[in-house]
Amino acid sequence: MSKRERAARVGVALASLAASKHYKLDDLSITVYDRVLADVRVDDIEAVCRGLEKDDGPWMPKPGEIRAAAIARARKHYRDTLLAQVEAGDVPAPYCAACNDTGWEPTPGRRAVEPCGCRRHNPRYQLRIIGD
Ligand SMILES: [Zn+2]
């Protein structure tokens with residue numbers, strides 16, 4: 001997706017939300033929303049805005065509120081995806097024998113541990129740190 005396509009989709013989502021709240025988005029507001037939401041997936045922004053349109057609150061959510069809701073949505077989606085993989089039996093147990101999915105690997109020759117290299121790709125560890 002090009003920057004232009006992204007800006008257009010986010011713009012439509014925000015304009016629709018603003019209309020539902022009888023809020024007028026000016027150019028400065030749009031710039032601030034774009035900047036705050038720059039690192040959030042467009043699908044999440046659109047879904048959050050659609051959901052907020054149904055909310056009976058009268059106020060236009062602040063950029064940070066939309067960002068937080070979009071990140072929470074993305075996190076839930078990621079968690080649900082990992083959980084489905086684990087429940088389907090697609091992930092061995094333990095996934096990582098070095099750390100037994102704790103994310104901490106014993107340091108050879110010392111009574112210490114260090115972060116395990118599996119952390120970024122270990123579904124069982126990721127589920128543990130995401131929580132509920
Ligand atoms: Zn590991």
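Predicted model: local features only at pLDDT ≥ 70, side-chain atom pairs only at ≥ 80, totals over all residues.
**Overall layout**

The protein contains five helices and two strands, and from the N terminus on its elements follow the order α-α-α-α-β-β-α. Taken along the principal axes, the C-alpha atoms fill a box of roughly 65 × 30 × 30 Å. The radius of gyration of the protein is 20 Å, whereas a compact globule of 132 residues would have a value near 14 Å. The domain assignment divides the protein into domain 1, given as 1–75, and domain 2, given as 91–132, and the C-alpha centres of domain 1 and domain 2 are 36 Å apart.

**Packing of H2 and H4**

Two packed helices are described by the angle between their axes and the distance between the axes. For helix H2 and helix H4, the angle is about 30° and the axes lie 9 Å apart. Angles under 35 degrees count as roughly parallel, and H2 and H4 are therefore roughly parallel to each other. The crossing of H2 and H4 is right-handed. The residues that meet across this pair are set out below.

| Helix | Residue range | Residues in the contact |
|---|---|---|
| H2 | residues 27–36 | Val-32, Tyr-33 and Val-36 |
| H4 | residues 63–87 | Pro-63, Gly-64 and Arg-67 |

Sorted by class, the contact of H2 with H4 comprises four nonpolar residues, one polar residue and one charged residue.

Terms used. Residues numbered from 1 in each chain as written. Axes fitted to C-alpha atoms, helices over the stretch in contact; angles between N-to-C directions. Helix = DSSP H or I, 4+ residues; strand = E, 2+ residues; numbered from the N terminus. Parallel < 35°, antiparallel > 145°, perpendicular 65-115°, else oblique. Left-handed = near helix turned anticlockwise from the far one by under 90°. Contact = placed C-beta atoms within 7 Å. Nonpolar A, V, L, I, M, F, W, Y, C, P; charged D, E, K, R; others polar. Domains from an automatic or database assignment. Rg over C-alpha atoms; globule rule 2.2 N^0.38 Å.
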